[in-house]
Amino acid sequence: MFEWSEEHQMIREAVKRFVDDEIRPHVEELEHGDLPPYDILRKLFATFGMDAMARDRFQKQIAREKAIAAGEAEATPPKERSGGGDSGMSLIPIIELCRVCPGMVTAMGVSMGLTSAAIMSKGTIAQKERWALDLLTMDKVGAWAITEPGSGSDAFGSMKSTARRDGDDYILNGSKTFITNGPYADTTVFICKLDEGNPPEQRKVLSFVLDRGIPGFVQSKPLRKMGMHSSPTGELFLDDVRVGRDRLIGETEDLPAGGRDGAKATFQQERSGVAAMALGIIEECLQLSVQYAKDRVQFGKPIGVFQLIQDKLARMEVARMNVQNLVFRTMEMSAAGRTMSLAEASAMKLYSARAATEVALEAVQLFGGNGYMSEFRVEQLARDAKVLQIYAGTDEIQITHIAKDLLRA
Ligand SMILES: Cc1cc2nc3c(=O)[nH]c(=O)nc-3n(C[C@H](O)[C@H](O)[C@H](O)COP(=O)(O)OP(=O)(O)OC[C@H]3O[C@@H](n4cnc5c(N)ncnc54)[C@H](O)[C@@H]3O)c2cc1C
């Protein structure tokens with residue numbers, strides 16, 4: 001049976017305390033965009049030694065890669081043969097932060113997850129040392145940019161951003177939108193197509209690393225949006241940005257599995273993380289709803305005695321159990337050193353995102369008029385939850401991935 005271990009429970013309590021002391025008092029400023037989330041995230045990393053652990057893991061990995069390059073070590077690390085580590089330790093902060101401020105997890109996940117992973121999975125050792133370590137420790141903020149005004153779900157098919165060769169350099173052009181951390185990123189992974197005068201559908205997909213302030217690269221102010229206010233989202237504009245090959249991830253136009261494959265691996269990782277985010281939102285909504293059902297009196301009785309309210313609580317609990325089991329499955333698979341198929345990760349994301357949105361909206365309903373007021377917090381969680389059904393692939397796109405897998409041969 002898979003359960004939270006005693007060690008997990010202890011870490012959860014400690015993270016809960018951090019959230020109560022360091023995040024809850026600032027939710028208003030974070031929600032109104034007056035306070036970017038990064039300094040609080042850095043404090044979280046320092047408090048739990050997450051920065052030191054990331055640095056240690058990074059240094060070990062780089063030492064191994066250097067040894068492999070020098071022919072002094074085997075390519076398959078012993079850990080991968082016998083299983084991975086305890087992913088619960090990295091999921092717990094996601095769950096606990098999402099109970100209060102899911103936007104902080106979006107900002108953190110895109111920076112130290114997606115952006116650093118894009119560099120760590122396909123970059124050269126020099127590129128990893130130059131950019132990825134600072135992202136993994138949250139010393140620097142990262143953004144990962146694939147979406148464009150005209151290309152979202154059909155990210156590659158409709159992509160207009162280009163790289164053109166110019167001597168030893170590349171000239172980058174294009175615009176990106178809805179980019180998490182876009183306004184504040186120090187390091188941006190920009191995904192585009194190599195324009196060799198060939199038809200767009202035949203072009204290679206390349207990823208470049210851009211630093212803030214590079215000539216021709218403009219990062220917009222945060223966009224106004226429905227929720228996730230503690231996660232700044234913006235636009236990026238590139239006008240004849242000249243970069244050397246040292247900024248092309250992998251320093252080759254011909255990565256072994258191709259540029260599209262790198263971006264797809266990123267989708268898979270994103271989707272698994274969403275279940276943990278959903279669990280945090282569901283747990284908080286359920287806890288607040290149970291308390292409110294006991295405290296709120298109408299018709300001379302606590303509303304929890306009414307069967308229609310009980311039905312809501314019971315459905316929330318079923319969702320909590322199911323999503324928690326999906327999180328346990330992620331932990332189990334990671335401990336066994338296995339990765340989920342894209343279809344399974346999609347199924348998990350689809351279910352969890354819908355469950356979080358439904359639970360949060362039902363919590364608003366259970367709170368009545370108070371549910372519509374910010375003070376009671378469930379309205380923020382309902383607005384925040386909705387985007388789980390949109391980013392990292394919409395519900396409809398998850399469904400197409402699941403069905404494609406089911407109908408294959
Ligand atoms: C808060 C936020 C943060 C984000 N962060 C990032 C980020 O950091 N980096 C990044 O690159 N992107 C980011 N995105 C973009 C996000 O990934 C896209 O919004 C998402 O993939 C959907 O693309 P779209 O908005 O263009 O919608 P569209 O693709 O235009 O979809 C519109 C509607 O059509 C449906 N649809 C599309 N194709 C099909 C189909 N084949 N079958 C059935 N229905 C279909 C969709 O499901 C949707 O309902 C973010 C978005 C948001 C809202």
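# Strands, helices and ligand shell in a predicted model

In this predicted model, β2 and β3 form a hairpin with two residues between them. Glycine 167, in the turn, has a positive phi of about 65 degrees.

Me: What makes β2 and β3 a pair of strands, and in which sense do they run?

Reply: Strands count as paired if DSSP finds at least two bridges between them. Strand β2 (residues 162–166) and strand β3 (residues 169–180) have five bridges, in the antiparallel sense, and therefore meet that requirement. Alanine 163 stands opposite leucine 172 in β3.

Me: Why are β2 and β4 also called paired?

Reply: The requirement is at least two bridges. β2 and β4 have two bridges, in the parallel sense, so they are counted as a pair. Threonine 162 has lysine 193 of β4 as its bridge partner, and alanine 163 stands opposite leucine 194 in β4.

Me: Which other strands pair with β4, and in what sense?

Reply: β1 pairs with β4 in the parallel sense over four bridges, with threonine 188 of β4 as the bridge partner of alanine 143. β4 and β5 pair in the antiparallel sense over seven bridges; here cysteine 192 stands opposite leucine 206 in β5.

Me: How many residues of β4 are buried?

Reply: Seven of the eight residues of β4 are buried, and the strand is mostly covered.

Me: How do you know where the buried residues of α8 lie around the helix?

Reply: The buried residues of α8 (residues 125–136) are Lys128, Trp131, Ala132, Leu135 and Leu136. Seen down the axis, they fall within an arc of 130 degrees, so they line one face of the helix. Their cover includes α4 (50–69), α7 (102–122), β1 (142–145), β4 (187–194) and β5 (205–211). Methionine 138, which follows α8, has a positive phi near 70 degrees.

Me: What arc do the buried residues of α3 cover?

Reply: In α3 (residues 38–47), Tyr38, Ile40, Leu41, Leu44 and Phe45 are buried. The arc they cover around the axis is only 160 degrees, which puts them on the same side of α3. These buried residues pack against α1 (6–23), α4, α6 (88–98) and α7. Just after α3, glycine 49 has a positive phi of about 65 degrees.

Me: Why is arginine 377 called partly exposed?

Reply: A residue is buried with 20 or more other C-beta atoms within 10 Å, and exposed with 12 or fewer. Arginine 377 has 19, so this residue falls in between and is partly exposed. Arginine 377 is found in the loop between α11 and α12 (378–386). Its C-alpha atom is separated by 9.9 Å from that of alanine 363, 14 residues apart along the chain.

Me: Which residues have the most contacts inside the largest nonpolar core?

Reply: They are Ala278, Ile282 and Ala360, in a core of 98 residues. Helix α11 (residues 342–366) contributes the largest share, twelve residues. Not counting residues up to four places away in sequence, alanine 360 touches Ile281, Cys285, Val378, Leu381, Ala382 and Ala385.

Me: What surrounds the ligand, and how does the shell divide by residue type?

Reply: The ligand is surrounded by 20 residues, the closest being Gly152, Ser153, Thr180, Thr394 and Glu396. The shell divides into eleven nonpolar, eight polar and one charged. β1, β3 and α13 (395–407) each supply at least two of its residues.

Note on methods
Residues numbered from 1 in each chain as written. Predicted model: local features only at pLDDT ≥ 70, side-chain atom pairs only at ≥ 80, totals over all residues. Arc of directions from axis to C-beta. Contact = placed C-beta atoms within 7 Å. Core = buried A, V, L, I, M, F, W, Y, C linked by C-beta atoms within 7 Å. Near = placed C-beta within 6 Å. Nonpolar A, V, L, I, M, F, W, Y, C, P; charged D, E, K, R; others polar.
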